[in-house]
Amino acid sequence: MDLIAARNLQALSLGFHIILVCFGVAFPVFVLIMEGLHLRTRDDLYRRIARRWAKAMAILFAVGVVSGTILSFELGILWPEFMRQYGDVFGFAFALEGTAFFVEAIFMAIYVLGWDRLSERTHFLSGLPIPIAGLFGSLFVISVNGWMNNPVGFDQVNGVVSNIRPLAVLFNDFFWHQFVHMILAAFMVAGFMTASVYAVAMLRGRRDRFARVAMIVPLTIAALVTPVQLVVGDWAARTVANEQPIKLAAIEGLGQTQSNAPWHLFGWYSDGEVQGGLAIPNMLSILAYHDPNAIVQGLDSVPDSDRPDKINVVRMAFQTMIIIGSGLALLSTVHLWVWWRRRRIISGKWFLMAVGAAGPASIVALESGWITTEVGRQPWIVYNYMRTSDAVTTATGIPVAWIVLGVVYLGLMFGVIWALRRLAHSPEEPPGGPTGSGDA
Amino acid sequence: MYEVLTVFAAVLLVAGLTLYAVLGGADFGTGVWDLTAGRGSRAARTRSLLHSSMGPVWEANHVWLIFTLVVFWTSFPEAFASVMSTMYIPLFLAAIGIILRGSSYAFRPLARGTWFEWPTAVAFGIASIMTPFFLGTIIGGIAGGHVPPGNAAGNAVSAWWNATGVMVGVMAVVTGAYLAAIFTMADAERRNERDLRNAFRIRALVSGVLVGLVAIATLPVLRADAPWLFDRLLKGPGLIGVIVSFALGGVTLWLIWGMRTSLIRWTGAGAVAAIAVGWALAQYPYLLPTSLSVQDAAAPSATLWALVGAAVVFVAVVVPSLVFLFRLQLSGKLAHALPPAERDGADV
């Protein structure tokens with residue numbers, strides 16, 4: 001049995017796919033905003049940006065379709081007992097997700113190939129279903145992940161599942177905060193990442209209007225979203241404290257149940273407590289219950305076998321997310337403040353460098369947040385119902401698959417970066433009239 | 001009532017698989033013709049037509065696979081877990097094929113004229129063959145009764161690497177090539193590109209005959225390797241599918257020969273669909289012959305009712321969207337122009 005290899009393989013595939021999901025959900029909105037601005041103002045610049053971005057959107061979508069298909073394979077290949085036992089409990093959500101995905105794929109094709117071939121109005125309208133479908137698609141997937149954290153909507157007696165209530169499954173207690181958290185993260189990642197590309201270009205001396213507009217619009221959207229994300233993060237932390245106290249304990253490395261629980265910045269968890277680091281008194285109690293005196297459940301409240309196996313991974317992932325999130329919030333505030341009060345865009349070297357770093361940093365924060373929730377749920381695949389070790393396949397050879405897929409995904413990542421860079425340096429399509437070459 | 005629901009779920013599963021075999025299969029076939037198009041300006045025209053014909057429906061065609069998987073695990077979780085865990089080797093190889101294919105397809109327009117052109121072209125072609133082949137071996141392995149219920153309970157290799165599995169795998173590859181040739185020929189006719197229509201007519205005839213020959217060769221293999229399936233397919237409920245498939249296949253060849261292209265998309269697709277339905281009828285009531293039946297494997301009725309609800313949403317939302325897409329596609333609204341035709345012999 002290759003539990004670690006199976007977990008790594010799943011983590012690799014999900015970690016890759018989740019980045020593309022962000023672009024699948026948020027990027028079409030950016031493209032449509034640009035096209036909408038063109039239709040309103042007739043300023044050709046917006047059309048040029050929309051067109052350029054639509055090509056990038058198509059590439060990222062095509063790769064996302066692929067990595068999403070792999071995930072549906074892996075659910076069965078790696079976790080057959082999980083699927084056998086609970087496939088019919090949450091499957092309904094995936095059936096709806098498949099529907100949304102279908103709509104997304106259909107209109108993606110129409111929109112991307114329809115430039116200059118459909119009327120302007122029809123073309124714009126054909127793009128609208130894309131982000132809506134993307135939103136619904138991620139809603140249903142998040143719903144299943146929420147259910148794994150908060151399994152409700154079924155009865156289980158002696159290992160037999162009965163009385164499945166699909167709507168209760170769909171709208172479990174973890175669904176709402178996870179969904180909002182993920183969607184905002186998608187806008188942050190796509191926004192900061194896109195802005196970052198143009199910030200770097202401007203640092204290299206490109207100072208045309210195209211680059212400025214293409215940086216400012218996504219940056220502003222991400223900046224508007226980021227402060228909201230802090231509030232949603234707080235909501236998520238409190239729900240986790242109530243429903244998954246052991247995950248919260250792992251986030252801090254809180255060995256013993258206590259009131260006035262502190263939170264450590266940095267440090268290392270070993271022997272039931274955090275060694276070193278900067279302790280902030282009462283912070284964990286405040287984080288979890290908005291009350292410095294609140295009692296927070298520690299890892300010692302459950303047997304060792306029921307605790308996450310990698311406490312320090314959870315701790316570091318959570319802290320990385322918090323630190324980057326705070327940094328992005330600061331950047332957002334500065335940008336929005338200057339724009340609001342002074343009516344101007346900062347274009348200094350330091351600011352551009354910060355924006356350039358914000359893109360990759362937002363991806364790191366995204367992955368960290370996801371690692372926090374997934375590793376923090378261990379040893380359970382379905383919280384308190386099924387252990388990951390009981391769900392895994394009995395087939396051998398999973399480590400081989402993990403290494404091969406690792407190499408393939410590395411190649412794929414380079415391919416995506418190569419293609420996007422090449423796209424950035426390729427000539428723009430002239431307005432009007434289909435061209436002779438194939439479209440991406 | 002519950003029995004009706006289970007049959008409904010099984011019908012959805014077969015429908016998804018059939019649509020994937022036809023639409024996804026044709027996509028894979030496009031890769032075969034792309035790989036074998038050769039070099040020069042004529043090959044460039046051929047490739048351009050292939051991509052113009054398939055591009056708009058490309059992503060949607062592959063969502064049928066996800067549709068099928070989702071219906072499978074929602075309705076028949078135990079069978080899904082058994083198939084996926086036993087068949088992990090061909091599934092993994094197909095997955096690699098899907099990654100290479102999807103990504104090389106996305107990168108190719110940008111790779112044109114760079115060092116990256118050749119690797120993406122080769123990856124695309126090879127993946128277009130290996131993906132349907134390995135998916136086909138899985139179907140062959142299931143139909144041949146090699147997947148027992150349980151966590152990776154079947155033999156990891158012999159469950160699919162057996163005579164029936166390999167024949168179905170080969171069948172999947174040639175069927176896709178055949179469908180792609182038909183669809184592209186019809187598209188060339190619509191666009192009034194005579195040279196390409198003729199070129200794909202030859203391809204359609206050759207691959208059509210090949211499909212027939214492979215189908216005939218499969219029969220003695222099935223008889224020796226999977227006698228239960230053979231009996232059910234040729235002496236039982238599956239026979240109707242086999243007959244319809246051969247009949248439609250013959251009609252399609254005749255239409256292609258006479259260059260009457262208006263109906264060939266439908267008759268060609270019908271021939272492939274008929275054999276898929278025939279296989280399903282032959283297997284019924286078994287999902288995993290002969291150890292797990294549809295009724296025994298089916299999810300509880302609440303789940304199946306939810307699936308009915310999802311199906312209603314699907315019909316209300318996806319079907320009109322698909323119709324819209326296919327109408328745009330079949331009327332050429334999303335097509336791009338081809339490089340100009342040159343006289344034969346003028347190829348560089």
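This is a predicted model: local features need pLDDT of at least 70, side-chain atom pairs count only at pLDDT 80 or more; totals for chains, interfaces and linings use all residues.
What percentage of the 348 residues in chain B is made up of buried residues? The figure is 59% of the 348 residues in chain B.

Staying with chain B for a moment, its secondary structure comes to 13 helices and 2 strands, and its radius of gyration is 20 Å, close to the 20 Å given by the globule rule for 348 residues, so chain B is as compact as a globular protein of that length. Along its principal axes, the C-alpha trace of chain B spans about 65 × 40 × 40 Å. If we take the contacts in chain B with a separation of 6 or more, 79% of them are accounted for by residues 24 or more positions apart.

Turning to the interface, 58 residues of chain A are in contact with 62 residues of chain B. On the chain A side, α2, α3 and α14 each supply at least two residues, and the largest share, 23 residues, comes from α3(A). That side divides into 35 nonpolar, 16 polar and 7 charged residues.

Finally, let me look at how α3(A) sits against α2(A). Helix α2, residues 44-78 of chain A, and helix α3, residues 80-113 of chain A, pack at an angle of about 160 degrees with their axes 11 Å apart; since angles over 145 degrees count as roughly antiparallel, the two helices are therefore roughly antiparallel to each other. The crossing of α2(A) past α3(A) is left-handed. Among the residues that meet there are Phe61(A) and Val65(A) from α2(A), and Met83(A) and Tyr111(A) from α3(A), and the residues of this contact divide into 11 nonpolar, 1 polar and no charged.

Technical notes:
Residues are numbered from 1 along each chain as its sequence is written. Chains are lettered from A and ligands numbered from 1 in the order in which they are written. Axes are lines fitted to C-alpha atoms, for helices over the stretch in contact, and angles run from 0 to 180 degrees between N-to-C directions. Helices (H or I, at least four residues) and strands (E, at least two) are DSSP runs, numbered from the N terminus. Angles under 35 degrees count as roughly parallel, over 145 as roughly antiparallel, 65 to 115 as roughly perpendicular and the rest as oblique. A crossing is left-handed if the near helix is turned anticlockwise from the far one by less than a right angle, and right-handed if clockwise. Two residues are in contact if their C-beta atoms, placed from the backbone, lie within 7 Å. Ala, Val, Leu, Ile, Met, Phe, Trp, Tyr, Cys and Pro count as nonpolar, Asp, Glu, Lys and Arg as charged, and the others, Gly among them, as polar. The radius of gyration is taken over C-alpha atoms; the globule rule is 2.2 Å times the number of residues to the power 0.38. A residue is buried if 20 or more other C-beta atoms lie within 10 Å of its own, exposed if 12 or fewer, and partly exposed in between; C-beta atoms are placed from the backbone.
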